[in-house]
Number of protein chains: 2
Amino acid sequence: MNATTYTARAHTNIALIKYWGKKDEELILPMNNSLSLTLDRFYTETSVTFDEQLKDDLFLLDGSRENGNKVSKFLDIVRKKAEINIKAKVISQNHVPSTAGLASSASAYAALALAASKAAGLSLDKKELSRLARRGSGSACRSIYGGLVEWQKGTDDQTSFAYPLEMPNNFEITMVALVVNADYKKISSRAGMKRVVETSPYYPAWVQTAAKDLKNIKQAIVERDFETFGEIAEENAMKMHALNMSAHPHFNYLEPNSIKAMQIVEKLRLEGVSCYYTLDAGPNVKVICLKRDVKVIAGTLSDSFGQEKVLVAGPGPAAHLI
Amino acid sequence: MNATTYTARAHTNIALIKYWGKKDEELILPMNNSLSLTLDRFYTETSVTFDEQLKDDLFLLDGSRENGNKVSKFLDIVRKKAEINIKAKVISQNHVPSTAGLASSASAYAALALAASKAAGLSLDKKELSRLARRGSGSACRSIYGGLVEWQKGTDDQTSFAYPLEMPNNFEITMVALVVNADYKKISSRAGMKRVVETSPYYPAWVQTAAKDLKNIKQAIVERDFETFGEIAEENAMKMHALNMSAHPHFNYLEPNSIKAMQIVEKLRLEGVSCYYTLDAGPNVKVICLKRDVKVIAGTLSDSFGQEKVLVAGPGPAAHLI
């Protein structure tokens with residue numbers, strides 16, 4: 001086998017109906033379907049070379065050698081599929097402003113899935129790529145596609161994968177991200193959602209309400225009803241953060257400035273600007289809006305937090321080789 | 001009937017297992033049992049005179065004439081019990097530092113129940129007083145008693161009342177209150193809990209988890225296990241605030257400085273100080289601790305927020321005539 005290098009680029013995504021809780025830790029099967037928007041501004045580029053000269057897998061992230069246990073475990077899945085037994089060199093670069101705290105395992109494992117499968121000689125279709133990326137990080141299965149994407153929870157490894165949803169014409173969704181804290185999370189999303197599934201008395205109701213939210217937001221997309229779309233996304237995010245507050249021990253990703261930003265968004269909304277917030281497993285606030293309102297929203301947040309903390313992103317493309 | 005004036009004093013209470021949701025709006029029957037600590041520092045004094053010369057009920061609060069519709073409705077219950085048809089003058093004074101935002105309908109209706117029932121010629125025992133106070137504001141039924149108090153939800157007007165729990169020796173619970181915002185609430189507790197009962201998908205699980213929390217905190221009181229006591233109170237409060245975030249439309253009493261204070265308490269705890277927070281239907285943070293730790297907790301909060309924002313209260317007495 002030739003030691004050919006393949007390089008892939010995959011974009012991060014922001015969940016509008018959240019993935020929060022696994023029913024299978026090993027296969028990464030989620031408890032509920034989720035829905036996301038792939039973003040143009042933030043992405044990971046990853047090169048993979050399987051090389052018989054290597055004694056061990058080698059993983060360089062943003063120029064530094066990293067502990068690659070998780071990456072090696074992922075490569076094992078690829079090697080098994082390709083029926084090879086060769087170590088690989090993985091070079092990965094996150095293209096996210098260094099202080100953004102928006103780096104994501106979603107873009108990382110989507111890029112790795114595409115580059116590694118190609119380098120291993122596999123030709124996976126998108127569904128298979130999505131299933132593979134899922135094994136690295138659940139939300140990575142959504143970053144295989146661009147635009148609006150749904151992750152079907154499925155019942156096993158075969159049936160749990162993402163697929164794209166049609167983006168309506170003139171539905172110019174944009175995201176204004178506020179970087180509240182670029183530090184590492186107090187509790188990883190993996191550990192946080194595990195604790196919630198195991199201890200929150202509200203969790204069974206979450207699974208039901210997320211299914212309802214998903215159905216309704218898809219209807220809002222079809223109807224190009226941005227207000228309903230945004231309202232469902234905001235409420236779904238709050239219900240996810242409510243789960244964390246109800247866990248044992250309880251935890252909370254919201255920082256003082258997260259609340260301040262949420263209040264600013266609510267005030268803008270009262271003033272007639274269509275904007276809604278969502279937060280993932282961290283304190284950064286992502287404002288969902290239409291392209292026409294980006295300027296006023298980014299300006300208002302910049303006034304309070306500084307321009308360098310405010311980043312704008314639109315819908316991004318599918319993972320691709322470069 | 002002589003126009004005799006009776007004056008009663010009743011103290012506010014802070015719920016450690018929250019009352020959040022009614023099963024009967026008119027009778028104010030709660031969905032779950034709750035548990036509170038009556039506080040020595042904050043109280044209401046209320047004088048009531050039934051006077052045949054009056055054409056209408058008259059209500060003076062802190063020296064100003066107030067719209068007394070709610071008070072008159074409450075007096076109607078007293079008049080019906082006493083079988084009289086005389087208007088009353090009610091003069092009420094809140095003894096809460098004016099910027100505290102800690103004034104409460106609990107102390108108000110407990111004092112009114114005691115003063116009005118006496119002035120109307122009734123001799124109610126404490127259980128009957130508690131039932132009467134409940135009709136004005138649910139949590140007022142707890143302020144009839146001092147120290148630790150449980151409100152038994154009951155199934156009807158007769159069976160829904162509070163009673164005192166034994167306070168163990170050397171269990172010196174104290175509260176350090178941080179005034180985050182003295183303004184009126186964005187959404188009243190009455191409206192907030194109603195919305196939660198009607199719309200939160202998590203509400204049925206709350207009712208169950210509150211019952212479990214109550215059982216466990218009572219056991220911790222008997223065992224004088226302050227750490228378990230505080231932990232249950234804090235988690236119960238977070239589960240109550242999580243309900244608000246899951247309502248439709250969602251709402252949140254937490255302000256940026258609430259989160260900041262909660263983080264300070266968590267940090268103190270990591271440093272070995274036994275302290276736990278709770279928040280009612282507002283942004284003010286109440287820290288539950290032992291008397292021995294008041295100085296370090298009040299000092300740390302004062303450093304961040306200013307001494308005038310920090311108030312200390314211990315267990316308070318039952319409602320009484322003065």
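## Strands and the sheet of chain B

Two strands pair if DSSP finds at least two bridges between them, and strands (E, at least two residues) and helices (H or I, at least four) are DSSP runs, numbered from the N terminus. In chain B of this predicted model, four strands form an open sheet in the order S11-S12-S10-S13, with antiparallel pairing. At its edges lie strand S11 (275-278) and strand S13 (310-313) of chain B, each of which pairs on one side only. From one strand to the next, the twist averages 25 degrees.

S11(B) pairs with strand S12 (residues 285-290) of chain B in the antiparallel sense over four bridges. The bridge partner of B:Tyr277 in S12(B) is B:Val287.

## Helices across the sheet

Helix H6 (residues 226-245) of chain B lies across strand S10 (173-178), S11 and S12 of chain B and runs at about 25 degrees to S11(B). Helix H7 (residues 256-270) of chain B also lies across S10, S11 and S12 of chain B, but runs at about 160 degrees to S11(B). Here contact means heavy atoms within 4.5 Å; axes are lines fitted to C-alpha atoms, for helices over the stretch in contact, and angles run from 0 to 180 degrees between N-to-C directions.

## Aromatic pairs

A search of the whole structure finds 19 aromatic pairs over all chains. Rings of Phe, Tyr and Trp (its six-membered ring) pair if their centres lie within 6.5 Å; planes under 30 degrees apart count as stacked, over 60 as edge-to-face and the rest as tilted. A:Phe161 and A:Tyr163 form an edge-to-face pair, 6.4 Å centre to centre with 70 degrees between the planes. A:Phe161 is buried, at a relative accessible area of 10%, whereas A:Tyr163 is partly exposed, at 25%. B:Phe251 and B:Tyr253 are likewise paired edge-to-face, at 5.6 Å centre to centre and 85 degrees between the planes; both residues are buried. (Buried means under 20% relative accessible area, exposed over 50%, partly exposed in between, with a 1.4 Å probe and protein chains only.)

In chain A, ring pairs link A:Phe171, A:Phe226, A:Phe229 and A:Tyr276 into a cluster.

## Charges over rings

A charge sits over a ring if NZ of Lys or CZ of Arg is within 6 Å of the ring centre and within 35 degrees of the ring normal. A:Arg9 lies over the face of A:Tyr43, 4.5 Å from the ring centre. B:Lys260 lies over the face of B:Phe305, 5.0 Å from the ring centre.

## Basis of the values

Residues are numbered from 1 along each chain as its sequence is written, and chains are lettered from A and ligands numbered from 1 in the order in which they are written. In this predicted model, local features need pLDDT of at least 70, side-chain atom pairs count only at pLDDT 80 or more, and totals for chains, interfaces and linings use all residues, while side-chain values use heavy atoms, with hydrogens and water left out.
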